[in-house]
Structure formats: structure tokens, C-alpha cells
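Please look through the sequence and the structure shown below before reading on. The report that follows takes up one part at a time.

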Amino acid sequence: MSNIGFRVARNGDNNSDTTVVSDTNRDLQTENSGNILIAYFSWSGNTENAARIIREKTGADIIELNPVEPYSENYNEVLDEAQEDMNNDARPELANHVENMEQYDTILLGYPNWWATIPMPVASFLEEYDFSGKTIIPFCSHGGGEFGQSITDISKLAPNSKIGEGLSIHYSGGSSLESDISDWLSSNGIQEQ
Ligand SMILES: Cc1cc2nc3c(=O)[nH]c(=O)nc-3n(C[C@H](O)[C@H](O)[C@H](O)COP(=O)(O)O)c2cc1C
């Protein structure tokens, strides 16, 4: 891959340990969102912020996909690490896991566009579980490359899943993020609580 024209604005904590699927909002969940899991990876916080808004709107369970060995917090270094992972088709070990994947039939899958595809920890997640018969709905934060080839790559890694309509978010998504998320949920038939 040659020159990529984007830059990163850090606005989040990529090492926070808000990682475990939580049941705290269970009683707030509508019937429709009871079987939805939000799973996301985020390095500089943009995807994480979108995931937080999606959680507020749906009450769905949430898991942050954290690699056991975190990426560098330095932008130039993470570019290299991510490219190396991609070239090696790496599957970084994840620090946290979903114990009861069978209870979910919709996965809202969030990630930044890294080198025009998914970050490899997302590939680790997709290979860890059987998504047959489930619907995966991507949301992708990017610096101009939108989804890149990430949707194709997700369908290859979860071959018997259905892929819903994705949401592409330019960096942090700006002031329309909340309404864009609402429109996106609605177009995928997901009700807000
Ligand atoms: C390692 C790395 C690779 C990236 N590759 C791309 C890319 O190929 N295309 C693109 O549009 N943005 C690319 N970006 C920009 C990110 O997609 C963008 O900054 C996104 O908002 C980051 O989301 P996050 O804050 O959840 O980590 C890259 C960023 C990093 C750190």
C-alpha cells in the first residue's frame, strides 16, 4: 500500500478496561435489543465513542476487543505494527472473550479502518466464534477510506453470517453522529430503547 492520506486525532483511552460484556442494562433492554452484542476495537477512541452511543441507544451488551499485547500508543509505530500484522495475517490474542455467544443473533461490529481493512484483533474475534446464522452489522471509523475492503474480509472470516447495512464514520463522525447512528439502527430494523 502506498501513501495514505489521513491523520489520527487521539481522543480516547485505548487501554481502558471497559471490556467485559455487561448485564447492567439488561432490565432496560427492549425485547429487540436483548439479543444484540456490540463488539468493538478502537485505538484512538473514535470507534469507542460510537460504540458508547450505540449502547446508550440500544441497551445492548458490549465488549471491547483488547489484544493481550497492546499496540504502541505512538502513531508512527502503530502504523508499522498494524501493517506488519496485516502482512503476516496475524491473529493477535484477545484479552477478553464472550462466554455466551449463542445468546446473540446480531453483532454490531465496530472497528477503525486500518490499512483499508479490519484491524487484526477483529479477525481474531471473528475466527473465535461461529457466526453461522447470525447477522453482523459493521460500523467503521475511517480517515477517508470508508470501509476499504473490510466488509469483504469480514464475510470471508464469518462465511455463514449475514452482513447488515454498515455505518461508515469519518474520524469522530462530527455533529451528526448521533442522528447518523439512529438512522443506521433504524435501517437495520433495530429499535432504540
Ligand atoms: C494503523 C492505522 C492504519 C490506518 N489506515 C487507514 C486507512 O487505510 N484508511 C483510512 O481511511 N484511515 C486509516 N486510518 C485512520 C483511522 O481509520 C481513523 O483515524 C479512525 O478514526 C480511528 O478510529 P479509532 O479512534 O477508533 O481508533 C488508519 C489509522 C491507523 C492508526
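## A residue in a loop

Does Asp-89 count as buried or exposed? Asp-89 counts as exposed, because it has 8 C-beta neighbours inside 10 Å, and a residue with 12 or fewer such neighbours falls in the exposed class. Asp-89 is found in the loop between H2 and E3, and its phi is positive, about 50°, although Asp-89 is not a glycine.

Glu-146 is another residue that has a positive phi, of about 45°, without being a glycine. Glu-146 sits in the loop between E4 and helix H4 (150-157), and with 15 other C-beta atoms within 10 Å it is partly exposed.

## Overall plan and confidence

This is a predicted model, and the protein in it has five helices and six strands, which follow the pattern β-α-β-α-β-α-β-α-β-β-α when read along the sequence. Of the 193 residues, 37% count as buried. Among contacts between residues at least 6 apart in sequence, 83% join residues at least 24 apart.

The average pLDDT of the protein is 88, and 82% of the residues score at least 70. Over residues 7-20, however, the pLDDT is below 50, and this stretch has 29 contacts in the model beyond near neighbours in sequence. Residues 22-30 also stay under 50, and for them the model has twelve contacts beyond four places in sequence. Where pLDDT is low, the predicted coordinates should not be read in detail.

## The nonpolar core

The largest nonpolar core has 40 residues, and those with the most contacts inside it are Leu-37, Ile-38, Ala-39, Leu-65, Leu-108 and Val-122. Several elements give two or more residues to this core, among them strand E1 (36-40), strand E2 (61-64), strand E3 (106-112) and helix H3 (120-128). If residues up to four places away in sequence are not counted, Val-122 touches Phe-41, Leu-65 and Tyr-111.

Helix H5, which spans residues 177-187, is one of the elements that give two or more residues to the core, and its buried residues are Ile-181, Trp-184 and Leu-185. Seen down the axis of H5, these buried residues fall within an arc of 100°, so they line one face of the helix.

The buried residues of H5 pack against H1 and strand E6 (167-170), whereas the face turned away from the buried side carries the exposed residues Ser-179, Asp-183, Ser-186 and Ser-187. H5 is followed by Gly-189, whose phi is positive, near 75°.

## Around the ligand

Which residues are closest to the ligand? Of the 25 residues that surround the ligand, the closest are Asn-46, Thr-47, Pro-112, Gly-143 and Gly-145. The elements that give two or more residues to this shell are helix H1 (46-58), helix H2 (75-87) and strand E4 (135-142).

By type, the residues of the shell divide into twelve nonpolar, twelve polar and one charged.

Note on methods: Residues numbered from 1 in each chain as written. Predicted model: local features only at pLDDT ≥ 70, side-chain atom pairs only at ≥ 80, totals over all residues. Near = placed C-beta within 6 Å. Helix = DSSP H or I, 4+ residues; strand = E, 2+ residues; numbered from the N terminus. Nonpolar A, V, L, I, M, F, W, Y, C, P; charged D, E, K, R; others polar. Buried ≥ 20, exposed ≤ 12 C-beta atoms within 10 Å, placed from the backbone. Arc of directions from axis to C-beta. Contact = placed C-beta atoms within 7 Å. Core = buried A, V, L, I, M, F, W, Y, C linked by C-beta atoms within 7 Å. pLDDT = per-residue confidence, 0-100.
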